[in-house]
Amino acid sequence: MIWNKKYECMERKDIENLQLERFNEVIQRVYDHVPFYRKKFDKEGIRLKKIKSLKDIRNFPFTTKSDFRDNYPFGLIAVPFEKIEEFHTSSGTTGKPVVNGYTKKDIQIWAEVVARGLTAIGVRRNDIIQNAYGYGLFTGGIGHHYGVQLIGAKIIPASGGQTKRQVMIMKDFKSTVLTCTPSYALHIAEIVKEMGVDIKNLSLRMGNLGAETWSENMRGEIEERLNIEAFDVYGLTEIIGPGVANECKKKNGLHIFEDHFLPEVIDPKTGEVLLEGEEGELIITTLTREGTPLIRFRTGDITSLNYELCKCGRTQVRMSRIKGRTDDMLTIRGVNVFPSQIENILMQIEGAEPHYQLILERKRGLDELTVEVETSPEIFSDEVKRLEILEGKIARGIEEALGLRIRVRLVEPKSIKRSMGKAKRLIDKRNLK
Ligand code: DLL
């Protein structure tokens with residue numbers, strides 16, 4: 001089933017025409033109503049005349065996270081203030097948060113795109129969705145809530161945390177769908193086991209998981225441990241929240257809801273637009289947002305686009321699973337690596353549990369990386385030799401795949417902090433300014 005066939009299955013030519021029309025409309029709107037954009041366009045000498053080809057959007061400047069900070073809290077709002085009905089902010093822990101203001105229409109669009117994503121993974125009216133994304137200023141909980149309500153399915157607004165209670169509810173209410181971060185899904189699986197609940201007695205069929213980077217092999221772990229099908233959902237506060245893109249049943253890239261969000265991929269260093277299939281930073285222009293419309297927003301997320309038709313019948317472009325953020329990339333002795341690549345390898349090695357963290361230190365002017373990974377109680381309490389063999393195996397696996405030699409330390413089961421929301425995988429001890 002497809003939630004909105006008219007838009008999700010549009011011919012490429014028609015979607016491009018629609019994007020062009022909406023792009024012309026949104027640039028005029030931000031120019032007229034957001035002083036920040038007016039100044040920026042004027043400064044760059046951009047004369048607002050209708051563009052005739054989508055290629056010409058390249059002439060417009062990018063919007064960045066720091067533009068949000070500079071215009072905190074309401075400087076990017078493009079409608080009279082009384083039209084704003086809701087605010088959300090980013091989960092960033094440092095500095096001023098990103099503030100997004102939504103009008104009634106924005107909230108309708110949000111519900112629509114989340115409903116499309118949930119429908120694409122197979123959610124139907126009779127499903128019971130346990131929504132364990134945090135409710136509040138974070139967009140994960142409320143965004144999914146709106147989408148489920150539009151579908152008319154049942155929602156349990158569990159929010160994150162109180163994991164034993166989550167498991168009890170899951171069992172007693174017979175929840176069929178779990179929505180939360182992948183790391184929290186994994187923790188829920190762990191508590192299910194600890195509580196002695198047989199996974200086969202749960203009614204859970206699938207999960208719509210996102211808000212943080214996770215690897216394909218992590219998907220495998222979650223699917224096995226929770227006995228579900230796990231799907232990837234992508235989004236960010238600046239654009240709308242969850243529902244910018246969602247996987248479908250084919251699990252081969254996330255469909256971007258392009259009638260609302262126009263994607264490009266650029267080389268993060270040069271700003272040059274890349275070709276289909278090339279990996280770079282995702283840029284999004286919001287085509288229909290009223291409250292906080294954005295032109296060419298630099299998401300910082302690394303992906304590539306695929307315009308091939310998907311077997312599910314949707315024509316909307318697919319983006320590959322996010323590899324990481326431009327600012328997450330580590331350079332260790334000249335080798336570039338994203339934490340997700342290390343995760344993907346760890347998950348393949350028997351004896352390594354899917355709970356890990358990366359410790360980054362600076363020694364004698366050089367960055368050094370250590371991966372701390374939990375192992376099973378049996379292995380941990382076995383001879384030291386067995387631990388050393390496993391550490392060696394992990395280090396070799398990483399070296400073979402990434403050409404990078406790093407230190408591996410096996411740690412006691414349950415010693416790495418569990419996450420109820422976005423997991424913190426990297427501990428940076430370099431004390432850099
Ligand atoms: O995390 C929105 C969201 C909520 C998405 C629930 C999906 C599910 P922020 O807190 O603003 O918003 O964080 C946005 O999280 O730029 C990515 O770096 C990362 N991110 C979000 N989804 C994914 C994903 C929400 N599926 C930032 N895979 C984004 C990898 C993701 N990273």
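# A tour from salt bridge to cavity

Select Glu8 and Arg314: their side chains form a salt bridge, 3.1 Å from N to O. Here a salt bridge means a side-chain nitrogen of Lys or Arg within 4 Å of a carboxyl oxygen of Asp or Glu. Glu8 sits in helix H1 (residues 5-8) and Arg314 in the loop between strand E13 (305-306) and strand E14 (318-319), so the pair ties together parts that are 306 residues apart in sequence. Helices (H or I, at least four residues) and strands (E, at least two) are DSSP runs, numbered from the N terminus. The salt bridge count comes to 37.

This is a predicted model: local features need pLDDT of at least 70, side-chain atom pairs count only at pLDDT 80 or more, and totals for chains, interfaces and linings use all residues. Residues are numbered from 1 along each chain as its sequence is written, and side-chain values use heavy atoms, with hydrogens and water left out.

**Next: the two domains.** Colour domain 1 (1-327) and domain 2 (330-428) separately. The bounds come from an automatic or database domain assignment. Their centres, taken over C-alpha atoms, are 30 Å apart. The contact (heavy atoms within 4.5 Å) takes 27 residues from domain 1 and 18 residues from domain 2. Together the domains bury about 1800 Å², 54% of it on carbon and sulfur atoms. That area is the accessible area (1.4 Å probe) that two parts lose on being put together, summed over both. Three salt bridges are counted between domain 1 and domain 2.

Now pick Arg225 and Glu353. They form a salt bridge, with the closest N and O atoms 3.5 Å apart.

**Next: Gly277.** Gly277 is in the loop between strand E10 (261-266) and strand E11 (280-286). Show Ser304 and Leu305: Gly277 touches both, not counting residues up to four places away in sequence. Then draw a C-alpha to C-alpha distance to Gly147: 30 Å in space, 130 residues in sequence.

**Last stop: the cavity.** The structure holds one cavity of 30 Å³ or more. A cavity is a set of points on a 1 Å grid over the protein atoms alone where a 1.4 Å probe fits but cannot get out; lining residues have an atom within 4 Å of a point. The largest cavity holds about 60 Å³ of space. Grid points are joined across faces, edges and corners, and the volume is the space filled by probe spheres set on the points.

Select Phe68, Pro73, Phe74, Leu76 and Val99, the closest to its centre of the 14 lining residues. Then highlight strand E2 (residues 99-103), which gives the most to this lining, with three residues.

Key
1 Å grid on protein atoms, 1.4 Å probe; cavity = no way out; pocket = protein on both sides within 12 Å on 5 of 7 lines; lining within 4 Å.
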